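Here is a note for a colleague who is meeting this structure for the first time. Please keep the view open while reading the points below.

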Amino acid sequence: MTNAKKTIHFVSLGCPKNRVDTEVMAGIAVEKGLAITEVPENAEVIVVNTCAFIESAKQESVDKLLEMARFRTDGNCRQLVAAGCLAQRYSEALADDIPELTHLLGTAQPAHLEQVLTNQAQRVDVGSPAHFLQSAETPRFVEPEGITAFIKIGDGCSRKCAFCAIPAIRGSARSRPLEQ
């Protein structure tokens with residue numbers, strides 16, 4: 001018998017808001033006793049927090065998902081999770097086109113990583129993006145050697161500009177309470 005912890009690898013693409021969401025998911029993983037690894041081929045769980053703001057970001061996200069998908073057959077990966085903006089906006093297409101994905105979590109579901117880790121999650125978990133905003137109590141893991149960290153005090157946008165997908169991806173504007 002071994003006391004080795006289950007391992008998880010995170011890839012965060014896109015904006016600082018995605019970075020914070022990745023840190024929330026990492027906080028949940030650490031709370032559940034997983035060890036974060038920087039080496040994807042060693043990971044039993046791989047989470048790619050995707051971006052879908054502009055075409056090049058979408059392509060980078062798809063490319064990274066396909067790169068990580070190979071560890072489902074050629075590595076230790078048992079769960080491959082597409083999270084974030086691309087999963088929110090294109091969940092059905094991703095689920096159909098990348099069968100290696102075991103789970104898709106939208107922008108409102110970073111806390112649902114817990115259900116993924118305990119094998120209690122549905123494959124596609126994409127809800128209303130306006131239903132999540134981290135709080136001061138939300139678990140979060142920030143790299144200890146880092147010298148900076150982002151604080152996400154708000155999310156979404158209530159403007160419906162024809163050229164911008166943010167309201168569709170992240171929902172209407174909402175802010176954390178001033179006390180936080």
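1. A residue is called buried when its relative accessible area is under 20%, exposed when that area is over 50%, and partly exposed in between, using a 1.4 Å probe and protein chains only. Helices (H or I, at least four residues) and strands (E, at least two) are DSSP runs, numbered from the N terminus. The model is a predicted one, in which local features need pLDDT of at least 70 and side-chain atom pairs count only at pLDDT 80 or more, while totals for chains, interfaces and linings use all residues. Residues are numbered from 1 along each chain as its sequence is written, and side-chain values use heavy atoms, with hydrogens and water left out.

2. Two strands are said to pair if DSSP finds at least two bridges between them. Strand β3 (residues 45-50) runs parallel to β4 and is joined to it by 6 bridges, with threonine 50 opposite glycine 84 of β4. Strand β5 (residues 103-105) also pairs with β4 in the parallel sense, over 3 bridges, and here valine 81 has histidine 103 as its bridge partner.

3. How are these strands connected? A crossover counts as right-handed if, with the strands pointing away from the viewer, the path from the first strand over the helix to the second runs clockwise. One right-handed β-α-β unit consists of β3, helix α2 (residues 55-74) and β4, and another consists of β4, helix α3 (residues 85-97) and β5.

4. Strand β1 (residues 7-12) is mostly covered, with 5 of its 6 residues buried. This strand runs parallel to β3, to which 5 bridges join it, and histidine 9 stands opposite isoleucine 46 in β3. β1 also pairs in the parallel sense with strand β2 (residues 35-36) over 2 bridges, where isoleucine 8 faces isoleucine 36 of β2. Together with helix α1 (residues 16-31), β1 and β2 make a right-handed β-α-β unit.

5. A nonpolar core is a set of buried Ala, Val, Leu, Ile, Met, Phe, Trp, Tyr and Cys residues joined through side-chain atoms within 4.5 Å. The largest such core has 23 residues, and those with the most contacts inside it are Ile46, Leu65 and Leu101. At least two residues of this core come from each of β3, α2, β4 and α3, and the largest share, 5 residues, is supplied by α3. A second, separate core of 14 residues includes Ile8, Val47, Ala83 and Leu105.

6. Contact here means heavy atoms within 4.5 Å. Leaving aside neighbours within four places in sequence, isoleucine 46 is in contact with residues including His9, Met68, Phe71 and Val81. Isoleucine 169, found in helix α5 (residues 166-170), is buried with a relative accessible area of 1%. With neighbours within four places again set aside, its contacts are Ala52, Cys85, Gln88, Arg89, Thr107 and Pro129.

7. Is glutamate 100 buried or partly exposed? Glutamate 100 lies in the loop between α3 and β5 and is partly exposed, with a relative accessible area of 30%. Apart from neighbours within four places in sequence, glutamate 100 is in contact with Ala69, Arg72 and Leu80. The C-alpha atoms of glutamate 100 and threonine 73 are separated by 8.7 Å, although these residues are 27 residues apart along the chain.
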